[in-house]
Amino acid sequence: MAHQIKFTVGGIHYCINSDDDEAYVKSIANELEQKMDILAKKSPFLSTTMVAVLAALEAQDAAKKSRSRNRKAKAAA
């Protein structure tokens with residue numbers, strides 16, 4: 001059953017409904033916040049939205065490469 005989880009990313013407060021464990025959701029939100037902080041420090045002229053898009057692109061890149069490695073590992077097994 002979905003429950004409400006509150007967290008803050010990029011100075012914005014969110015409240016989402018999720019079936020996932022609250023600690024898990026908050027941990028990935030915290031990881032995103034940390035990534036955005038790093039990106040914002042590297043490029044302080046970027047808006048929060050631009051930093052969020054860069055963080056999302058990095059996350060998508062990592063996920064896609066991970067899926068590709070998993071497929072290759074399964075094919076080799």
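**Reading helix α1**

Student: Which exposed residues does the face of α1 turned away from its buried side carry?

Tutor: That face carries Ala23, Glu31, Lys41 and Lys42, where exposed means over 50% relative accessible area, buried under 20% and partly exposed in between, with a 1.4 Å probe and protein chains only. This is a predicted model, in which local features need pLDDT of at least 70 and side-chain atom pairs count only at pLDDT 80 or more, while totals for chains, interfaces and linings use all residues. Residues are numbered from 1 along each chain as its sequence is written, and side-chain values use heavy atoms, leaving out hydrogens and water.

Student: Which residues of α1 are buried?

Tutor: Helices are DSSP runs of H or I with at least four residues, and strands are runs of E with at least two, numbered from the N terminus. In α1, Val25, Ala29, Met36 and Leu39 are buried. These residues lie on the same side of α1, because they cover an arc of only 85° around the axis, taken from the directions from the helix axis to the C-beta atoms.

Student: What do the buried residues of α1 pack against?

Tutor: With contact meaning heavy atoms within 4.5 Å, they pack against β1 (3–9), β2 (12–18) and α2 (48–76).

Student: How many residues make up the largest nonpolar core?

Tutor: Nonpolar side chains tend to be buried together in soluble globular proteins. A core is a set of buried Ala, Val, Leu, Ile, Met, Phe, Trp, Tyr and Cys residues joined through side-chain atoms within 4.5 Å. Here the largest has ten residues, including Ile5, Phe7, Leu46 and Val51, and its largest share, four residues, comes from α1.
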